[in-house]
Amino acid sequence: MIIGSHVSMSAPDYLLGSVKEALEYGANALMVYTGAPQNTLRKSVSTLKVEEMKCLMSENHLPMERLVIHAPYIINLANTIKPETYELAVSFLRQELDRVQEIGAKYLILHPGSYVAATLEEGIASIIKGLNEVVREEDDLIICLETMSGKGSEVGYRFEQIKAILDQVHYPEKFGVCLDTCHIHDAGYVVGSIDAVLQDFDRIIGLENLYVIHLNDSKNVMGAKKDRHANLGQGEIGFAELYRVAHHPLLENKIKILETPWIDGQPPYKEEINMLRK
């Protein structure tokens, strides 16, 4: 099982510290942000101890493709109401793509965006336009559009919406999907019937386009469209169902990442990874 969690990246060790943290959890994968997800402040990649990180990963037989990077939340390509928000999204996403490739990671997780006061169709069209502006033929990475919960005006809470975007990007080989169990549960998919969900996904998008799974329980009832993560077995999905996702034969080679809440100020990832391995 390829399993890890979101880990921190902070001074003085930066990405080296991120890998150390993941190894402490017994993880064989990890996910980081290249800076605070709520703003555009970024340190130069040259300061992030990339080579030291790569050495530590190699020493621990941790392939670079298991380092997943999450794009900041403030990127909203779906916003057609405020041109300045869209322009920021385009320029900042391009910067993130360059940073991911300078680091040497393969996957960038991206929230599709929110259409605000426009229509869903206008939001999808804007996302496609933005991605086609940003992504270049020479880019060597895969942007994984994340399945969303449907909160507010989010795009991507139905597989068909993700498919509509993937069908119209210029370089489809540079795109894929990150499936979040909390999000799809909140969007109305039955995670307890994971076989049926995966059949749906395969029919609409194709399982070959699924690269990363965010493995989270949910504090909300199915279909609530709220997006509040819970610890494994402490939410409405349940541990048995999430264990089946983690060990499903069709998902064996997919990277699983925990984004569950801290408990009493402490990360639960070592314990949750152990629970999933038992």
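This is a predicted model: local features need pLDDT of at least 70, side-chain atom pairs count only at pLDDT 80 or more; totals for chains, interfaces and linings use all residues.

Me: By what is a pair of packed helices described?

Reply: Two packed helices are described by the angle between their axes and by the distance between those axes. Here, helix H5 (residues 159-166) packs with helix H7 (residues 194-204) at an angle of about 25 degrees, and their axes are 10 Å apart. Angles under 35 degrees count as roughly parallel, so H5 is roughly parallel to H7. The crossing of this pair, H5 and H7, is right-handed.

Me: Which residues of H5 and H7 meet?

Reply: Phe-159, Glu-160 and Lys-163 of H5 meet Val-197, Asp-200, Phe-201 and Ile-204 of H7. By class, this contact of H5 with H7 has four nonpolar, three charged and no polar residues.

Me: At what angle do H4 and H5 pack?

Reply: Helix H4 (residues 120-134) packs with H5 at about 40 degrees, with the axes 9 Å apart. H4 and H5 are therefore oblique to each other. From H4, Leu-120, Ile-124, Ile-127, Ile-128 and Leu-131 meet Gln-161, Ala-164 and Ile-165 of H5. The classes in the contact of H4 with H5 are seven nonpolar, one polar and no charged residues.

Me: Where does Asn-60 lie, and what does its side chain reach?

Reply: Asn-60 lies in the loop between helix H2 (50-59) and strand S3 (67-70). The side chain of Asn-60 reaches the backbone oxygen of Leu-56 at 2.9 Å. With a relative accessible area of 37%, Asn-60 is partly exposed.

Note on methods:
Residues are numbered from 1 along each chain as its sequence is written. Side-chain values use heavy atoms; hydrogens and water are left out. Helices (H or I, at least four residues) and strands (E, at least two) are DSSP runs, numbered from the N terminus. Buried means under 20% relative accessible area, exposed over 50%, partly exposed in between (1.4 Å probe, protein chains only). A polar contact is a pair of N or O atoms within 3.5 Å; within protein, one must be able to donate a hydrogen and the other to accept it, and residues adjacent in sequence count only if both atoms are side-chain atoms. Axes are lines fitted to C-alpha atoms, for helices over the stretch in contact, and angles run from 0 to 180 degrees between N-to-C directions. Angles under 35 degrees count as roughly parallel, over 145 as roughly antiparallel, 65 to 115 as roughly perpendicular and the rest as oblique. A crossing is left-handed if the near helix is turned anticlockwise from the far one by less than a right angle, and right-handed if clockwise. Contact means heavy atoms within 4.5 Å. Ala, Val, Leu, Ile, Met, Phe, Trp, Tyr, Cys and Pro count as nonpolar, Asp, Glu, Lys and Arg as charged, and the others, Gly among them, as polar.
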